[in-house]
Amino acid sequence: MVVGNRALIVGRDAQLAALNRLVDRATKGRGGLAWIEGEPGIGKTALADAVAARAEAAGHRVLRGSGDELMEPFPLRLMAECLQISARSPDPAVAEITALLRGGDDQLGAAGPVLAAAERMLELVDRLCTASPVTLIVEDLHCADEHSLLLWGRLARAIDQIPLLLVGATRSLPRRHAVDRLRDLAEKREGTVVDLPPLNPCEVAELAGRIAGGAPGTRLAAELECAGGNPLYVRELMDRLIGGALVKAEQGVAELHGDAGAMPTSLAVVINRRLGFLTEPTRRALRVAALLGNEVDVGDWALVAGRPILEMADVAAEAMAGGVLSDVGGRLRFRHELIRQALVEQTPKTMRSALHRYIAQSLAETGRGVDAVAPHLLAVRDVSGDWELAWLLRVGEPALYAALPVAAELLERAVGSIEPADPRWIALATRLAQVLFWLGRDASAYGLARDIAQHADDPVLVCRMRIQMIRLAGRLGRFHEVLPLTIQPEDDAIPLLWRSRLAAWSALILLYSGRQEESLATARAALDLAVASGDPLSTATAYHAAIVCGDPADRAAHMADALAALTSRDLESMDLRMMLLANNITLQQDLGRADACEEALAEALRLGERSGSFRAASIQAGAVGVSYQHGRFDDALVHIEGIDAETFDNEEMLQVHGDAAMIALHREDRDAADARLRIAIGSEPLDPEHPPAPSYPLTEALAMRAEVDGDPRLACALMTPWLDAPLGLRRQERHDDLPYLVSLALEVGEDETVARAVRLAEKDTAEDPSPSRSCAARCCRALVDDDVDELLALAEEFRGYRWTMKAAFAFEQAAVRLAKAGQTVRARAALNDAVRLYSDTGATWNIKRADARLRPYGVRRGPRSVHRRATVGWEALTPSEHAIAQLVARGRSNPDIAAELFLSRRTVQTHVSRILAKLQMQSRMDVIRAAAEHGALRPTGTAGA
């Protein structure tokens, strides 16, 4: 069997059969995952070719690409090649991705262009899969950029619901942690993992025989042993021997004739001998081409080789005839990476650097972008020439933001190559400081901003660097270090917009340094300056400071004004919008505005996903919290599953594990809860002598675990440090836990803890009388006073705010007190109300706790207080899942469903996975068929996720 221009495949029948089964399964609508691994030349590409041929014959859309070490620093370039992302594409979606990767002038409203491009690539694949099955083959993953690897992993998690066959191929060595994680993912997702071994002697003989037209004779078979079972080595040896007329096939036997000389001891030697058959001008041109990467643009090749493009056509023809280059879809590629490496090695190391510099300059002078020029500058030891520094100053900032790690590397080399006295140093260092800021290298960005402020004469630049230092100090927790910078400059040379921004960020630092009165005054001054400046971003920034530092009664109005002011789509504005949207979710929740909270959440999730903001994960965490408070545990789990595993490296995201642990404890899944808690704090959590630092909702989850174990005293001990939570964002959520702490402290007789908790609840309410804090304080007081009527009234208020778990808690506490007072009828009614709410969430442990607390008083709930929840089948679907399943049954893609239901695409994807699991179906096609055959779907309300 000949596949494309590859040699015959021998000895891989079992591997081919397994891969063919995946193609057939994808053809029927169920995605699949294949991982091919082995040494260079072992046959990975030949198998990929076979998969591509079978998939194309079955009607698949086949897409493929391969990693390139020169492009490894550039985010998503490998996946862009695979998905045929090109500025020449007439598809607007493809053009948008191209603009994001190259750095469009306005970043297309992206807070993070790389993450935004990744999201649009996922949408593109999703939509392609609605038209036909898709086979996506990604080779040389060992040379892939990190973002392409992450995207490959995200696609791998979607194969259970779209007809996508995802094939990855990589070398066994050297190992890369990110690549190993993808292999582990393939195994966990029950993918087909193919480790290609060397061919055995019989298979080597069969391969050589097919090439030569006869079975190898004794002498030829002995010589082929040096190939070590490597198919590429065998083919190269046979090509050399046949080309030299050293092998003749007679009567079905191919034998070595004449003196072949010493057989090459390595594949590299064989390849170099192949190159020796080419003319010297062609070899010279190919050595230049090898420095351009695996794939060669003919125009670039002609430019840097200094030869007319028509002449290069003849060179390319000779190289293809000699088996060095191949034409793949109208593009020139080296037939094998080892051939390109051999050509690179033929150029002395001292010359390679000079050639890369020359190539970079040649491409830059023709106006080529960062992705064309920068790979060659990265290959140069120093970036200190006049043209390099001028080019780095000339490149548009959006293009730098599209490749932040590359920009940081080049700018660091440039800044380090000149002295601060050089007038170019300030401009280059300022660019670098901004790149480091957006890259999240906070300590380095802080130090550089400080150095710039010390050397700069421009007061505006000094002000900008002070702002950056203040913001970075907030990230680093170094509040007091920058307090001297918060003094408002009176220099009229500084425009109002910069003075207002400095004041706004200063107000936040003052707040977290405990200087609340100064913070409030500074926030007000910032708003006055911003309004006077008329600058939208400055105005929104000042409103942001007023929201956090100002009068709580004004927060909702300030939030609306801040969001309305942000009309621009530049990077700073988009980042601030994401910050505001995240805060707006918490604000609306505190105000008890359930509908507004859900609307804010939906907007934030969609925009975070589309804009590529790194804050999207924090918003997803906020969605978990809102869903939990509203009693939609299944939706909370959907949001948890929708957060990329890599995000949990961020300490801020550990709160998600607390929510997940509480849901598991409510539902009596102790193992799942413990797994989450171990991840969150990295050890066995229950050590009353050394409790973890207070953190909402992790603290409550740890206490709840102790209560589940029957140790309310330990639960109270774990919660008590929450009373001393330091000033900051986490303390703002303290009120949510105080009623629970009071109930625990009352149970174990910790009177001082009860008194402190009530005082703090009322103090927090005096500072911020929002419904959430006011109700928390009232609940604490009612628990202490045994005020049943207040508890019942609060339960109804909580239910009106859709704070389901708080309402159930208040009903349960009221029921216990009524039972103790002998008011059995009222106690049973309150118990029934509590149990119904617990039942709606699946909180079976809470139901058992409530029953146990009321049983000694002879109070038992009514027989219809709980309805059993279905776990499989159509009845097991939540309202959100029903709405999504209806659209799946109509053949809609995940992005289309997301747009129609005002959800994020990632949320829809997770819902679809859960729908398939509950329906015990293998693919979306099964849902479509079942709905058509049985009319299983019925009209429901809209999705509530």
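**A first walk through the model**

Hello everyone, let's start at D442, which touches L472, R475 and L476, leaving out residues up to four places away in sequence. Here, touching or contact means heavy atoms within 4.5 Å. Before going on, a word on the source: this is a predicted model, in which local features need pLDDT of at least 70 and side-chain atom pairs count only at pLDDT 80 or more, while totals for chains, interfaces and linings use all residues. Residues are numbered from 1 along each chain as its sequence is written, and side-chain values use heavy atoms, with hydrogens and water left out.

Back to D442. You will find D442 in helix 22, residues 442-455. Is D442 buried or exposed? D442 counts as buried, because its relative accessibility is 15%. The cut-offs are under 20% relative accessible area for buried, over 50% for exposed, and partly exposed in between, with a 1.4 Å probe and protein chains only. The side chain of D442 also makes a polar contact of 2.7 Å with the side chain of R475. A polar contact is a pair of N or O atoms within 3.5 Å; within protein, one must be able to donate a hydrogen and the other to accept it, and residues adjacent in sequence count only if both atoms are side-chain atoms.

Now look from the other side of that meeting. L476 sits in helix 23, residues 459-476. Setting aside neighbours within four places in sequence, L476 is in contact with D442, A443 and Y446. L476 is partly exposed, because its relative accessibility is 31%.

Let's step back to the whole chain. How many helices and strands does the protein chain have? The protein chain has 46 helices and eleven strands. Its radius of gyration is 33 Å, close to the 30 Å that the globule rule gives for 945 residues, so the chain is as compact as a globular protein of that length. That radius is taken over C-alpha atoms, and the rule is 2.2 Å times the number of residues to the power 0.38. The C-alpha atoms fill a box of roughly 110 × 75 × 50 Å along the principal axes. Of the 945 residues, 58% count as buried. Among contacts with a separation of 6 or more, 69% are between residues 24 or more positions apart.

On charge, the chain has 108 positive and 129 negative side chains, and the centres of the two sets lie 3 Å apart. Lys and Arg count as positive, Asp and Glu as negative, and His and the chain ends are not counted. Each charge is placed at NZ of Lys, CZ of Arg, CG of Asp or CD of Glu.

Next, a covered helix. Helix 17, residues 370-378, has eight of its nine residues buried. Among them are V370, H376 and L378. What covers these buried residues includes helix 12, helix 16 (349-365), helix 18 (386-394), helix 19 (397-401) and helix 20 (404-417).

Helix 12 spans residues 280-292 and holds R283. R283 is buried, with a relative accessible area of 19%. A polar atom of the R283 side chain lies 2.4 Å from the backbone oxygen of L278. Not counting residues up to four places away in sequence, R283 touches L275, G276, L278 and L343.

Loops deserve a stop too. A110 lies in the loop between helix 4 (92-102) and helix 5 (113-131). A110 counts as buried because its relative accessibility is 1%. Leaving aside neighbours within four places in sequence, A110 is in contact with L100, A116, R569, L571, M574 and S611.

Finally, some backbone geometry. Most residues other than glycine have a negative phi, and most peptide bonds are trans. Where does the cis peptide bond with omega near -5° sit? This cis bond runs from L173 to P174, and P174 is in the loop between strand 4 (164-171) and helix 7 (177-188). A245 has a positive phi, near 55°, and belongs to the loop between helix 10 (231-243) and strand 7 (247-250). D786 also has a positive phi, near 55°, in the loop between helix 38 (771-785) and helix 39 (788-800). D786 is partly exposed, with a relative accessible area of 48%.

How values were computed:
Helix = DSSP H or I, 4+ residues; strand = E, 2+ residues; numbered from the N terminus.
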